Amino acid sequence: MKKSSSYLLLLTVILVMACHNKATTNKEEEVSTAQVQTPVTVTSISNEPLTEYAELNATSSFLQDNIVKSNINGYIKSVNTKIGQYVNAEQILFVVKTKEAESLGNTINKLDSSFHFSGVSNIAASQAGYITSLGHQVGDYVQDGEQLAVISNSKSFGFILNLPYELRKYVSMNKKVELILPDSTHLEGVVSSFMPAIDSVSQTQRILIKVVSSANIPENLIAKVRILKSQKANAISLPKQAVLSDESQTNFWVMKMIDSVTAVKLPVIKGIEANGRIEIVSPLLSTQDKILLNGNYGLPDTAKVKIVKSVE
């Protein structure tokens with residue numbers, strides 16, 4: 001009798017454990033099924049104008065300096081400029097008096113009043129620009145041909161752009177480009193000249209961009225240059241984060257919904273990329289197609305997903 005009771009107790013324990021294991025297995029299967037459904041947001045294509053630019057850096061520069069020189073031997077009597085000042089062409093910068101006139105004073109004029117001898121020479125700027133160097137002050141003795149100042153020729157001012165040669169086909173003489181200064185000022189520039197040489201290391205060509213601006217732009221200022229590459233009036237596009245690629249950036253795809261819970265990998269060919277959007281050249285997508293926007297990274301082909309939000 002005791003033996004039968006022991007068997008009955010053992011059987012009861014086995015049944016309880018089996019039921020518990022089955023319940024645990026069912027719960028694990030439910031959790032596993034729920035984990036497969038990745039929460040995602042979806043979007044659809046849009047048909048809008050797209051313009052693609054290449055953005056490069058350009059540096060402001062004066063390409064030509066004018067040297068102001070003394071035309072006599074003598075003493076500097078006055079300096080009418082200072083470093084950084086803008087001067088106009090023909091503006092008097094220096095007054096130099098010969099050493100003979102300095103020594104004799106008005107003696108010659110007293111001897112003969114008809115002989116208007118001053119021994120003074122006014123030295124003017126040959127071109128308009130900024131004084132970038134000033135080597136002498138009042139009282140200095142200078143010789144004929146000695147440098148007195150350096151003027152950065154304002155007519156030679158422009159932005160120097162090192163253009164990668166693969167972008168040369170997008171840039172031509174007199175082509176208009178947009179420049180954006182660090183303070184967000186937008187300027188219109190015109191391609192003025194091409195330097196007849198290519199940098200052997202970077203394979204870039206220096207070009208000069210002239211700007212028309214009333215503002216005084218300092219030298220060595222770095223601006224962004226926007227060069228138009230292509231534009232389309234009506235382009236089928238998706239947000240950039242909806243288009244995935246491999247490590248080599250050669251193959252591209254999107255995750256497209258084929259029903260309410262399944263997304264498949266769809267290879268695409270992309271076109272213009274601008275303003276955070278990418279043109280889809282192929283295949284032809286419909287406005288009814290739902291494309292994964294967020295949660296798409298790393299998903300396998302034919303992935304189970306759960307749509308939590310739709311973004312237009």
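Tutor: Residues are numbered from 1 along each chain as its sequence is written. Because the model is predicted, local features need pLDDT of at least 70 and side-chain atom pairs count only at pLDDT 80 or more, while totals for chains, interfaces and linings use all residues, and side-chain values use heavy atoms, with hydrogens and water left out.

Student: Why is Tyr130 called buried?

Tutor: Buried means under 20% relative accessible area, exposed means over 50%, and partly exposed lies in between, with a 1.4 Å probe and protein chains only. Tyr130 has 19% relative accessibility, so Tyr130 counts as buried.

Student: What makes Tyr86 partly exposed?

Tutor: The relative accessible area of Tyr86 is 38%, and that label belongs to values between the cut-offs for buried and exposed.

Student: Why does Asn275 count as exposed?

Tutor: Asn275 reaches 69% relative accessibility, so the label is exposed. Asn275 is found in the loop between β18 (262-274) and β19 (277-282), where strands (E, at least two residues) and helices (H or I, at least four) are DSSP runs, numbered from the N terminus.

Student: How do you know that β5 pairs with β8?

Tutor: Two strands pair if DSSP finds at least two bridges between them, and two bridges join β5 to strand β8 (residues 129-134), with the strands running antiparallel. The bridge partner of Tyr86 in β8 is Tyr130.

Student: What makes β3 and β5 edge strands?

Tutor: The open sheet has four strands in the order β3-β10-β8-β5, with antiparallel pairing. Both β3 (65-69) and β5 (86-87) have a single partner strand, so one side of each is left without a neighbour in the sheet.

Student: Why is strand β6 described as largely enclosed?

Tutor: Five of the seven residues of β6 (residues 92-98) are buried, so the rest of the structure largely encloses this strand. Strand β4 (residues 74-79) pairs with β6 in the antiparallel sense over five bridges, and β6 also pairs with strand β7 (residues 120-124) in the antiparallel sense over five bridges.

Student: Which aromatic pairs does a search of the whole structure find?

Tutor: There are five aromatic pairs, one of them being Tyr86 and Tyr130, whose ring centres are 5.2 Å apart and whose planes stand at 70°, so the pair is edge-to-face. Rings of Phe, Tyr and Trp (its six-membered ring) pair if their centres lie within 6.5 Å, and planes under 30 degrees apart count as stacked, over 60 as edge-to-face and the rest as tilted.
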